[in-house]
Each structure stands twice: as C-alpha cells, then as structure tokens.
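Colleague: Hi, could we go through this one together? I'd like to know what I'm looking at.

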Amino acid sequence: MSISLSSTSPLLLRRTAAITDEEFRELRDFIYAKCGIWVDEKRKYLFENRFGKRLNELGLKNFGDYLQLLRHAPGRDREMQIVFELVTTNETSLYRDTKQLDGFKTHILLPLLAEQRKANRLEINIWSAGCSSGEEPYTLSIMLHEELGLDLKRWKIQITGCDLSPAMVAKAKSGVYSEYSFKTTPENIKRKYFTTVKDGLKVTPAVAALTSFSVLNLNDVLAVKRIPKSHVVFCRNVIIYFDDAMKKKVVGSFYENLAPGGFLVLGHSETLHKISSAFRPKFISGAVAYQKI
Ligand SMILES: C[S@@+](CC[C@H](N)C(=O)[O-])C[C@H]1O[C@@H](n2cnc3c(N)ncnc32)[C@H](O)[C@@H]1O
C-alpha cells in the first residue's frame, strides 16, 4: 500500500475509525521514541480527538494507515512536525508562578549577579528548555532588565529558548501576546515592556535582544549538546510529560550543560526524587531548585 501526503483533502470525507488498542500502543511507542512524550493508556481518547481530524484531512480511514505514512511516506519528517504540534501541551504565561520567580530572584539570580560582578565576569547564560511560545524567556529578560537597569549594557546576557513545536517557536520569535498571557503579569511591567500592535502586545526590542529561539527536541542528545553552557536551566512543566527513563536522560543533559554550581529550576510541583542525585535541593521561598554538585 502506498500512502502519500499529497492525498490531503480539505473536506471531511469520512468518519475516522476509532483507534484500536494495538494502534494506540504503536502510535504511542512511535511518538515516545521520537520525543520522549509518554501518553498513558488512560488518555487514549486524546489520540482519537487530536489525531482524528488530521486523519480526515489526509483522507485516511484508520490509524494503521497513518502509522504507515509516518514511517514510510516521503515528507514524513514534515508530518512528524504536525505530530509534535498535536501531542504537546503548550500552556504558559508571562510571570507564570510569581511566587517561585520571586524565590528564584532572591535566592539564585541576585547571588549569581553578585558573584559574577565580584569575579569581574559580567555574563549570564540562561536556558529555557521547553519554552513554548516564549513567555518564560521574556519574563527572565524582563527580570534582568529590572535588576540591572542601565548597567545592563555592560553585561553579556544570553537567554536561549527552545521547544519541540515549530509553531510555538515561531510565536516566541514574534513576541506578540494576547491578554491571556498577561494574567499574572504586574500592570507596571506590562506597560513598561510591551507596546500595542495590531494583534496584541509586542515585547520591546530591548527585552527581545537578550533572547534567541530555536526548535529543539530534548530527546536529541547531540542537538542538546550544542546549547551554550548555562548558569541556570529553566525547565518548568515539561518533564511531567516524560516517563522516568526520559526524565533521567533529559536531566542528565541539563547536568552536562550547567556550569559548576549552576541551578536547574523545574515546575514548582516537580521533583528530581528518584530521577537524579547529582543535584543538591535548595529551598527558594516555598519552592525547590536544584544545584549542580
Ligand atoms: C506546558 S509547556 C511549558 C512552558 C513553560 N516552560 C512554562 O512552564 O510555562 C511544555 C512545553 O514543553 C515542550 N516539549 C515537550 N516535549 C519536548 C521535547 N521532547 N523537546 C522540547 N520541548 C518539548 C512542549 O512543546 C511545550 O511547549
């Protein structure tokens, strides 16, 4: 059987068959092997909902045909990008979890700035791994603007944002956000660092200047090695989608990437318990960050 992407049909020609248990397992294992995202059997409906529409667009009648296409069709790499869009959860916002960010500022960022000043090494690298549409890297850039003010121009600051989803990375590069992204952003910050454009509010060029964005799969160890060495890695609300084996792999990459004594910041309810003992937990106002030993 030959299945090609050129069979794409804009019309809903037929109702897609329900996914069988075997097809679910095959598709789940295929996705896991590509990007480490693990979909539990209980969330089988998620595949039916999210992929059903795509199968219809392609004019495919069942998930077996879709798997064939993902494995063998010319253009399968392009289709894989669509799979990544369908399988990821991209929820994020500016100043997400303000309490944790305050703890980060007091216990990690300010001491790091002081240490760098003392050593006359005015540079900071931060990696936002799984940055979605960019709100987290821009928040970090704004925090640095707030702390350093005019002194910022003496510093070399690099905030590297990366994500599996090309659509999210494109949105991050545009730096334009709707009101939803500002739900926990202080009003003065919103006024100071964003300007009104046709489609929403756009981050100022000065804030954008500290950031860069690229598509990156955290499962791709070689690509991950190319990320500049960091003083801090932010990876909040990402490893919850991985199983323990993938968590260990990714956390191992963060360890390699971090400078000695550098910090890994996970989502406030995420932990390295049973994943890695290579970090020392540090309490930062009700949350925990992990310091490379
Ligand atoms: C819920 S968002 C978190 C965004 C941000 N870190 C935050 O906390 O607001 C999770 C992001 O992780 C990304 N992601 C999932 N698996 C990934 C992988 N293997 N490589 C890179 N990014 C991945 C998803 O595309 C998604 O944008």
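Colleague: In what order do the seven strands of the open sheet run?

Modeller: The order is β6-β2-β1-β7-β8-β10-β9, and the pairing is mixed. Strands pair here if DSSP finds at least two bridges between them. Strands (E, at least two residues) and helices (H or I, at least four) are DSSP runs, numbered from the N terminus. Keep in mind that this is a predicted model: local features need pLDDT of at least 70, side-chain atom pairs count only at pLDDT 80 or more, and totals for chains, interfaces and linings use all residues. Residues are numbered from 1 along each chain as its sequence is written.

Colleague: Which are the edge strands?

Modeller: Those are β6 (211-215) and β9 (279-284), each pairing on one side only. β9 pairs with β10 (residues 287-292) in the antiparallel sense, over six bridges. Within that pair, Arg280 stands opposite Gln291 of β10.

Colleague: And which helix packs on the sheet?

Modeller: Helix α7 (residues 166-174) does, touching β2 (156-163) and β6. The direction of α7 makes about 160° with that of β6; axes are lines fitted to C-alpha atoms, for helices over the stretch in contact, and angles run from 0 to 180 degrees between N-to-C directions. Contact means C-beta atoms, placed from the backbone, within 7 Å.

Colleague: What about Tyr95?

Modeller: Tyr95 also is not a glycine and has a positive phi of about 50°. Tyr95 sits in the loop between α4 and α5 (98-118), and is buried, with 21 other C-beta atoms within 10 Å.

Colleague: Changing topic, which residues of α4 are buried?

Modeller: They are Val83, Phe84 and Val87. Seen down the axis of α4, the buried residues fall within an arc of 100°, so they line one face of the helix. That arc is taken from the directions from the helix axis to the C-beta atoms.

Colleague: What covers them?

Modeller: The cover includes α1 (21-35) and α3 (63-72).

Key. A residue is buried if 20 or more other C-beta atoms lie within 10 Å of its own, exposed if 12 or fewer, and partly exposed in between; C-beta atoms are placed from the backbone. Two residues are in contact if their C-beta atoms, placed from the backbone, lie within 7 Å.
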